Amino acid sequence: MNSPLNRSRWTPYLWLMPSIILIAVFVIFPILIVFKLSFSEISKAGVIGGYVGFQNYKDAVNLPAFKTVMLNTFWWVVSVVGVSTVLGFVIAMVFNQKFRGRKIARAILVFPWATSLVIQASVWNYIIKYEYGSLNSVLLNLGIIKQAINWRSSYQIEFIWECGVGIFVTVPFVAFCVLSGLQSIDDSYYEAATVDGAGFWDKLFRITLPMVRPSLTVSTVLNIIYVFNSFPIVYTMTKGAPANKTDTMITYLYMLSFYERKKGPATALSVIGFLILCACAGLYMITVMRKEEAEQ
Amino acid sequence: MKNPDLVGPNRRALLFVILGIALSLILLSMPLYSFDACVYTKKSPNTFVGDEKYRSVRAEVEQVADGYRAQGMACEIGEDVLERVNSKGETTSLITFTVTERMSRSPLSLLGKGFAASKVLALMLGLLALALAAELAGCVGGMDLVQFRLDTRRAALRNLAALSLLLALLLVPVFILMNNYAFSRQIGLYTAGLLEEGKEALYTRMDALLFEGRMGAEIEKALGGLTASHSGLLWMLMPAMLVSLLAAVQLRYGSIQSSAMKAALYFFVVVVCLVTLYPYYVMTVTAFRSNAETLDMYFLHLFPTKWIWSNLSDIIHRGVPRYLLNSLLVAGGATVLAMLCGIPAAFAMARMKFWGKKAFLGFVIMSQMFSPVVLLIGISQLMNTLHLNDSVLGLMLINAAFNQAFAIWLLRGTFVSISPEMEQAAMIDGCGTVGALTRVLIPMAAPGIVTALIFVFINAWNEYTIATVLISTASNRPITVGITQFSSFNMIEWQYLFAASLVATIPVVLLFMSIEKHLTSGLTSGGVKG
Amino acid sequence: MKKTLALLLVLTMVFALFSSQAAFAADEITLDVIICQYGPNTNEWFLGKGMNGTNFVDKFEAENPGIKLNLDVVSWNDVYTEVDTRIANNNAPDILNIDVFANYANEGLLLPVKDYCPDDLFEDFFPQFIAQSVIDDTVWAVPDLASARALFYNVDMLNEVGVEVPTTWAELEDVSQAIIDYYNGDVYPWGIDMTTDEGQAAFAYYTWGNGGGFVDADGNWAVNSAENVEGINFALGLIQKGFTNPNPATQTRYDLQDMFAAGKMAMVIAPNQLPTYVADKGGNINMATAGIPANEGKTGSSVGVMDRVMAFRDDSAPDQAARNEAIGKFLKFFYDPENYVGWVSMEGFLPAVNSAVEALVASDPSFAAWLDVLGTCQFYPAAKAEWDQVKQGVIAAEQAALTGADIQTELDALQAALVG
């Protein structure tokens, strides 16, 4: 493309400059700092000492809660992303049908996406309170239960609730991604399939799924990253208690760094988390770039 | 149009309609409700069978039972002895005396007794009768008619029948739950002295239902230990009516499949919407409760007894306007900055050719993934060095930077989808590149830009984690951090927490709803091109 | 047009930003003060209209021209993080009201009290309180206020069930069982808080009540003593038997107090201001106090909790003497009976200075009894440098034990980390 806009060799870089500066200073720099810190000695008050090699990493891996936290993080990401992808897909399929009130229904679906996670988590925290929570109140006053139920009777159940809230706030994003994919499918595909005598499942697996796969891939990868980084839900609902049994990596990182003040292992954990993210991001980049190329 | 083959199936369907209704009536007249009226309970601690205290208490209980028997009740005295050996080796004992009467009542016996559920029941019966009548009238002499060619009168009658049955079906859970509430919970609350409102009325009705009005003033004692339960058979009303409903639909449309699909669709949509709205109901309702009511351990009220509007004015004195202003500054500033930097970059990416474009594109895609949270420590260190810690400006910059990649990606997608011809024409007319961008491309790409703008704004508005770490002075907090002061461990003020949450949520939800239409297109044209 | 608009928007924002961080005149001294939020009235008292129509800051500034207060009321949830961040950011407050002090003192961040506290005020503090803030013979903080913990019980409930208030652990179990039996489990007999908020208090109640504690007789850490393990196991036993609130790992003392106020809990260990708290919640409970139950043959000691006020060094201050004097004036004003009595009694705390006692006893005779209790209290070993770590450590150990871990192993590990 030889556009008249392309006046000098340096013009494009000039246009990119503000953006590059912004990203370099506030994104790249912190990354470098974290890497440097993870190899340095850090005192409790945050004073930075000399190079200590991989000591911080060793300390991090040897933390008593390390294994639990990593396992929790794995389940957190897998369950939230997995369930919300399936649910979001189903909801999108339904909300793509024509029915009365579809506009309102879709507008309602946006709510959780637009609400701050701290607020969502606080509300759910209140909802499932055993002693005075809203869920017990509603169920009792509707005559559905006769005795208040302890909705958080063990930490495993509390963790499941946290995953539930995670799913609740993630579903709309998936649903809208899938909806955008569904809308790009031409009706003629389905009509042709109907003529060929294809049933509901045939259409689902032969047309719908392949056509929305790109949106689904993208939303899944994005979700893996969002969910991995999610902090407010766990922090608001349990703070990782009891004894880090409900912590995910991000909340643990925070507690380690700002509550237990073990800044050294915390930075090491930070780097580990960052590398995990990079792996996901790289995967995502390759998928998207490949698609870009295919389109050109 | 007539089809004699239809007579058989239609007759069968009509039979099912009648059968379902009949079954429902039978169920309703069965004694499915059982009441254990524990009319009197006396707990006597430190009492042993046969000792003096036991004898006196027992005598007291006998006397009470005799009193009830005199009123014609078949009472039984129960005696539950709980003995334990305590740590000192002494035996302790708790004896619970009860005077009980067991009764059964059919759902139909509630009719005309004035319960809330009585009216529901009457309505349900009326609907069933109406359905039956309409169906019969709609079928007489038309059993061989093809469904989609029914005359208007028959069609309307059959429609009416199906609709009545649907409503009756929906009333079943309402009826059952209302009774559950009245018999178990409401009476429990009255007897515990937690609720006064409507007590007299319900007690009189219960007296009428259980004791034919014999109890009078004694009813309060008689209901003291009431346990009510209903047999699971009661729920069979739903399948019974469903059979009728399906048969009625068959009679109207010739097939039930598409109607059932449609019903399932609406059911699903309603459930999804209710679940989604539930937290917002909780937030709104709790925001206007009094503190005592937010911590109500007896779950007395679904809605505030009194809407405390002053909660809203109270949070004004607790710094909320300041927090909102900070959030506005952070989100607004971040959005403006992200756009000012992002639009030129996206423009260059969409329209210009240069070395390293692909690498930059890859970098942009990848850095969408970088979250500030995992880099917390690095960011707080950086902000210290720049003396931007604990400032609104610093927060603004961080939010702008971390949303930059996403903004570029969205904007680039929008720009690419617009043909460059118009700008080229404008430039030939003497506009510079900047002129072409601001006068031609930006207006044309407005929907995409607005989408990106709102995305960035909402992301920044809702950001919490970085703000908790960076901001230490109260007056610099954005609203997401500011509201946490209401949930401090030594005093959770749920009403203020949710009042502030409500104020913080409404504008963003409205913003997001305004771009809901563009959401799908924005996602496709930008980051998530399908 | 649009460009101008955007520019205007940016300009307004930048302006709003800088105007919010107003500069102060050079000859004034500004003291950054952080006060912890003790209750719903704290904010009103310091910043609103809670002090007879005015507030602490306005009144202080009116009486002390040339000194400005930049005072923040921070919730207990956030205060540790906030102070840490500010220290790390080289932006420590001048005056801080908090419970801990040893870490700050050991890192050389604090000013010794004698540098700024006027002598007559210093003499006024209860000496046994001052003794709790000494490291290496230097006093680093002054007591702000105190509270004493005791067992509160619902008199009507215990009478109804026909039991006496328990004094030993064995009796506690009997009474709990009787309450469970009588109320069919609708009432929790006993409350335990093992949350990250105050799990160390639970540790204190059950180890001190068994002759153990955080430290041994010589004042060295001894968190894993046999007495401690037995004590904590007793508490865990109460939970397992269903005698307590169901979720001790997430239910804070305030949750327990709410249950007590609602008549859902029969006994709870709480600070002396519980009656005020219950009344504020609209509760109407006929309550009485008793000693915290101890193991057979051991004497329980009541638990004192004391918060402190301390001043941070600021080497960048141009005139150190003037700064010290200003801090002194702040303290003088703070502890002036005219102000202090209102502050202490507002949230129902116990005073830390002699001059306030008379006025307080006059206003509420029940204070006298509590002041006696305070004299026999045990305090947390907050002056030891590792206290933060111990506090978090015992909470983590308790919580681990709640999920099934062996408390002995957990405490052994903590002890090893402390002395090893």
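Q: Two strands pair if DSSP finds at least two bridges between them, so how do you know that β6(C) and strand β9 (residues 287-290) of chain C pair?
A: This is a predicted model, and in it four bridges join β6(C) to β9(C). The cut-off is at least two, so four bridges make them a pair. The two strands run antiparallel, and L151(C) stands opposite A290(C) in β9(C).

Q: What makes β6(C) and strand β8 (residues 265-271) of chain C a pair?
A: Five bridges join them, and at least two are needed, so they count as paired. They run antiparallel too. F152(C) has V268(C) as its bridge partner in β8(C).

Q: Why is strand β6 (residues 142-154) of chain C called largely enclosed?
A: A residue is buried if 20 or more other C-beta atoms lie within 10 Å of its own. In β6(C), 13 of the 13 residues are buried, so the strand is largely enclosed by the rest of the structure.

Q: How do you know that chain B touches chain C, and how many residues are in contact?
A: Residues are in contact if their C-beta atoms lie within 7 Å. By that test, 33 residues of chain B are in contact with 42 residues of chain C. Several elements of chain B supply at least two residues each to this side, among them β1 (33-45), β3 (91-105) and α14 (392-416). The largest share, four residues, comes from α11(B).

Q: What makes up the side of chain B that touches chain C, by class?
A: There are 14 nonpolar, 15 polar and four charged residues. Gly counts as polar here.

Q: Which residues does the contact between chain B and chain A take, and how do they divide by class on the chain B side?
A: It takes 86 residues from chain B and 91 residues from chain A. Helix α8 (residues 257-287) of chain B gives the largest share of the chain B side, 13 residues. That side divides into 58 nonpolar, 23 polar and five charged residues.

Q: How confident is the predictor in chain B, and what is its mean pLDDT?
A: The mean pLDDT is 87 on a scale from 0 to 100, and 97% of the residues of chain B reach 70 or more.

Q: Where in chain B does pLDDT stay under 50?
A: Over residues 526-530. The model has 22 contacts beyond four places in sequence for these residues.

Methods
Residues numbered from 1 in each chain as written. Chains lettered and ligands numbered in written order. Predicted model: local features only at pLDDT ≥ 70, side-chain atom pairs only at ≥ 80, totals over all residues. Buried ≥ 20, exposed ≤ 12 C-beta atoms within 10 Å, placed from the backbone. Contact = placed C-beta atoms within 7 Å.
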